[in-house]
Amino acid sequence: WKDTLSMQAIWFSLNFGTYGILTWITSIFAVINLENMYFNALLFSAANLPGNIASAYFIDRIGRTCMLVISSLASAASLLLFAFFAEQRENSSMSLSESFNVSGIVISACCFQASSISAWNTIDTMTSERFPTSIRSTGMGVCAASGRIGAMLAQIVNAALVQDSPVRILLVASFSLLVSAIVPLLCYSEDFTKKGLVDDFQHDSCQYYEEIIPISDAASNKSDALYLRPNTLRYQKGSGQSSGILHE
């Protein structure tokens, strides 16, 4: 239950922080009077690509937990920078030049998008690895449901804050993402990076076997024996005799 609750907390905070910004990004751009609002929103969406590439490259090299923590911290830091530049823009006496301020807003928003998608790719992997085959769908569903609650609450909170000050939206989302970075360090028990997953999946007609049938034995009875790789499924009839093999 410890890992399940920690997963639910991560899903909740990630949904609250990311979907709260994704669905309100054009409104935030409009409130701070950013020109070329829809073009900048397009750049914001395109930042998904480098985030996906980075997560695919690093997730097995630095580990799931480390990847999630770094991505969440980067997302939170990007939103803090976004809030800083947005506050400067709202202030009538800006200490920064117009072009520098606009560039800072767009770059920090794109960095948030890239790092948050890396966090999402990582938590999806971690969640699927955490639960055994027999309850994996249930575990994923429970975590996803917790996340949806966070996403819905984010819409309510952001709707109340956006007209007052978009900076508050960014600060609240940044804090939520900070939570998603802290929880794995405190509560998550095991990182499955480069580790084999032990499954106990069984069915009325199928069962896992960790064995290898020698090729010579398989050749002697080609009608009902094939070469088995480790962790493959052998089909069994009611009599318990194998009649064929289902590979993974």
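Let's start with Ser-180, which sits in helix α8, spanning residues 166-187. Keep in mind that this is a predicted model.

**Ser-180 and its surroundings**

- Ser-180 has a relative accessibility of 0%, so it counts as buried, given that the cut-off for buried is under 20%.
- Its side chain makes a polar contact with the side chain of Ser-72, at 3.1 Å.
- The Ser-180 side chain also reaches a backbone atom: the oxygen of Leu-177, at 2.6 Å.
- If you skip the neighbours within four places in sequence, the residues in contact with Ser-180 are Ile-10, Ser-13, Leu-14, Leu-68 and Ser-72.
- Ser-72 therefore turns up both in that contact list and as a side-chain polar partner of Ser-180, with Ser-180 itself buried at 0%.

**How α6 and α7 pack**

- A pair of packed helices is described by the angle between their axes and the distance between those axes.
- Here, α6 (residues 98-130) and α7 (residues 136-161) pack at about 140°, and their axes are 8 Å apart.
- That makes α6 and α7 oblique to each other, because an angle has to be over 145 degrees to count as roughly antiparallel.
- As for handedness, α6 and α7 cross in a right-handed way.

**Who meets whom between α6 and α7**

- On the α6 side you'll find Asp-124, Thr-127 and Ser-128, and they meet Arg-136, Met-140 and Cys-143 of α7.
- By residue type, the contact of α6 with α7 splits into 2 nonpolar, 2 polar and 2 charged residues.

Conventions
Residues are numbered from 1 along each chain as its sequence is written. This is a predicted model: local features need pLDDT of at least 70, side-chain atom pairs count only at pLDDT 80 or more; totals for chains, interfaces and linings use all residues. Side-chain values use heavy atoms; hydrogens and water are left out. Axes are lines fitted to C-alpha atoms, for helices over the stretch in contact, and angles run from 0 to 180 degrees between N-to-C directions. Helices (H or I, at least four residues) and strands (E, at least two) are DSSP runs, numbered from the N terminus. Angles under 35 degrees count as roughly parallel, over 145 as roughly antiparallel, 65 to 115 as roughly perpendicular and the rest as oblique. A crossing is left-handed if the near helix is turned anticlockwise from the far one by less than a right angle, and right-handed if clockwise. Contact means heavy atoms within 4.5 Å. Ala, Val, Leu, Ile, Met, Phe, Trp, Tyr, Cys and Pro count as nonpolar, Asp, Glu, Lys and Arg as charged, and the others, Gly among them, as polar. Buried means under 20% relative accessible area, exposed over 50%, partly exposed in between (1.4 Å probe, protein chains only). A polar contact is a pair of N or O atoms within 3.5 Å; within protein, one must be able to donate a hydrogen and the other to accept it, and residues adjacent in sequence count only if both atoms are side-chain atoms.
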